[in-house]
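This report describes one protein structure for a reader who is new to the subject. Please keep the sequence and the model in view while reading.

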Amino acid sequence: MELWTAPSPNGWKVSIMLEELQEAGVTLPEVEVKFLDLQGGDQFSDEFTAISPNQKIPGLVDGDIRMMESCAILQYLGEKYPSPLLPDGDMRWQVIQWLTWQAAAVGPTFGNKLSYTRYMDDVPAEQKSHPLSRFNSEAQRLLRVLNKQLEGRDYICGDQFTIADIANYAWVRSWKWQKIDITGHHNVVAWVERVRARPAVERGLQYGVPLEEVDQWSEERKRQVARGAAIMTSNASIESAGK
Ligand SMILES: N[C@@H](CCC(=O)N[C@@H](CS)C(=O)NCC(=O)O)C(=O)O
């Protein structure tokens with residue numbers, strides 16, 4: 001199996017999943033991890049585009065199967081290697097809906113908030129102010145939804161940690177970097193701590209990042225990520241991609 005990835009929220013979803021599956025007692029085939037240099041444009045290579053036509057990480061190769069989209073990959077791994085991470089029966093549909101909610105709502109909203117907050121340095125401040133307040137308000141609304149769902153539950157779908165937690169945690173954990181304040185959402189704060197305390201999550205977060213930087217990036221890494229992402233998120237890059 002090959003995981004094509006980079007140290008970023010969508011990449012960590014799959015690395016956490018691989019570690020959690022092993023923690024659950026699943027024997028995985030050997031996984032070759034291939035790190036892409038997103039700043040250098042590795043995602044646009046023909047080899048990677050054949051795996052991920054959308055030219056974004058993560059990508060997974062398993063025999064003849066080639067997959068893009070982190071949440072689809074979580075579901076694929078969950079189905080291929082049965083474990084409580086993707087339960088059977090009615091609970092599966094709970095998990096699938098909160099997984100889809102992450103892909104459809106949390107990812108785009110938190111991602112856009114992050115891009116306007118940290119990366120779009122070619123946009124005048126007055127042009128950023130509306131999208132910033134819009135994506136921040138929407139992020140706060142989503143956090144209220146998540147906070148309610150976590151009331152009386154350790155994890156999003158109940159007592160059991162699932163791929164719905166993996167997908168949502170990968171984005172919510174970086175709230176400081178995104179400048180999305182979670183501190184008023186007490187169930188969310190407790191859940192972030194609970195998930196972070198899992199040994200397999202800690203291992204998954206170390207794909208591409210040394211342990212000492214898992215919770216706090218060095219100033220150099222922050223500068224490097226911001227420089228690269230400023231190029232990737234610019235309109236000029238988006239317009240020229242895929243041509
Ligand atoms: N919906 C996709 C989003 C993937 C995505 O946005 N990946 C980012 C890194 S977190 C990426 O590859 N960016 C490179 C680029 O935009 O050129 C998923 O969940 O897999």
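A residue is called buried if 20 or more other C-beta atoms lie within 10 Å of its own, exposed if 12 or fewer do, and partly exposed in between, with C-beta atoms placed from the backbone. The model is a predicted one: local features need pLDDT of at least 70, side-chain atom pairs count only at pLDDT 80 or more, and totals for chains, interfaces and linings use all residues. Residue numbers start from 1 along each chain, following the sequence as written.

**Loops and backbone features**

Gln55 lies in the loop between α2 and β3. Here helices (H or I, at least four residues) and strands (E, at least two) are DSSP runs, numbered from the N terminus. Because Gln55 has 18 C-beta neighbours inside 10 Å, it counts as partly exposed. Gln55 has a positive phi of about 60 degrees, although it is not a glycine. Pro58 also has its place in the loop between α2 (46-51) and β3 (59-62). The peptide bond that joins Ile57 and Pro58 is cis, with an omega of about 5 degrees.

Lys179, in the loop between α7 and α8, has a positive phi near 55 degrees and is likewise a residue other than glycine. With 14 C-beta neighbours inside 10 Å, Lys179 counts as partly exposed.

Which class does Glu30 fall into, buried or exposed? Glu30 has 6 C-beta neighbours inside 10 Å and therefore counts as exposed. Glu30 is found in the loop between α1 and β2 (32-35). Between the C-alpha atoms of Glu30 and Gly107 there are 29 Å, and the two residues are 77 residues apart along the chain.

**The shell around the ligand**

A residue is near a molecule if its C-beta atom, placed from the backbone, lies within 6 Å of it. Around the ligand there are 14 residues, of which Ser8, Asn10, Lys56, Ile57 and Ser70 come nearest. At least two residues of this shell are supplied by each of α1 (9-23), α3 (70-80) and α4 (90-119). By class, the shell has seven nonpolar, five polar and two charged residues. In this scheme Ala, Val, Leu, Ile, Met, Phe, Trp, Tyr, Cys and Pro count as nonpolar, Asp, Glu, Lys and Arg as charged, and the others, Gly among them, as polar.

**Packing of helices**

Two packed helices are described by the angle between their axes and the distance between the axes. Axes are lines fitted to C-alpha atoms, for helices over the stretch in contact, and angles run from 0 to 180 degrees between N-to-C directions. The table gives three pairs.

| Helix pair | Angle between axes | Distance between axes |
|---|---|---|
| α1 and α3 | roughly 10 degrees | within 9 Å |
| α4 and α6 | about 10 degrees | 8 Å |
| α6 and α8 | about 105 degrees | 11 Å |

Angles under 35 degrees count as roughly parallel, over 145 as roughly antiparallel, 65 to 115 as roughly perpendicular and the rest as oblique. Helices α6 and α8, at about 105 degrees, are therefore roughly perpendicular. Their contact is made by Asp165, Tyr169 and Val172 of α6 and by Val188, Val192 and Val195 of α8. Two residues are in contact if their C-beta atoms, placed from the backbone, lie within 7 Å. The contact of α6 with α8 consists of five nonpolar residues, no polar ones and one charged.

Helices α4 and α6 are roughly parallel to each other. From α4, the contact involves Val95, Trp98, Leu99, Gln102, Val106, Gly107 and Phe110, while α6 gives Ile163, Ala164, Ala167, Asn168 and Trp171. This contact of α4 with α6 has nine nonpolar, three polar and no charged residues.

Helices α1 and α3 are also roughly parallel to each other. Asn10, Lys13, Val14, Met17 and Leu21 in α1 meet Ser70, Ile73, Leu74 and Leu77 in α3. The residues of this contact comprise six nonpolar, two polar and one charged.

**The nonpolar core**

A nonpolar core is a set of buried Ala, Val, Leu, Ile, Met, Phe, Trp, Tyr and Cys residues joined through C-beta atoms within 7 Å. The largest such core has 56 residues, and those with the most contacts inside it are Met17, Leu74, Leu99, Ile163, Ala164, Ile166 and Ala167. Among the elements that each supply at least two residues of this core are β1 (2-5), α5 (125-149) and α6. Leu74 touches Lys13, Met17, Leu99, Ile163, Ile166 and Ala167, when residues up to four places away in sequence are not counted.

Helix α6 is mostly covered, as ten of its ten residues are buried. These buried residues pack against α1, α3, α4, α5, α7 (175-178) and α8.
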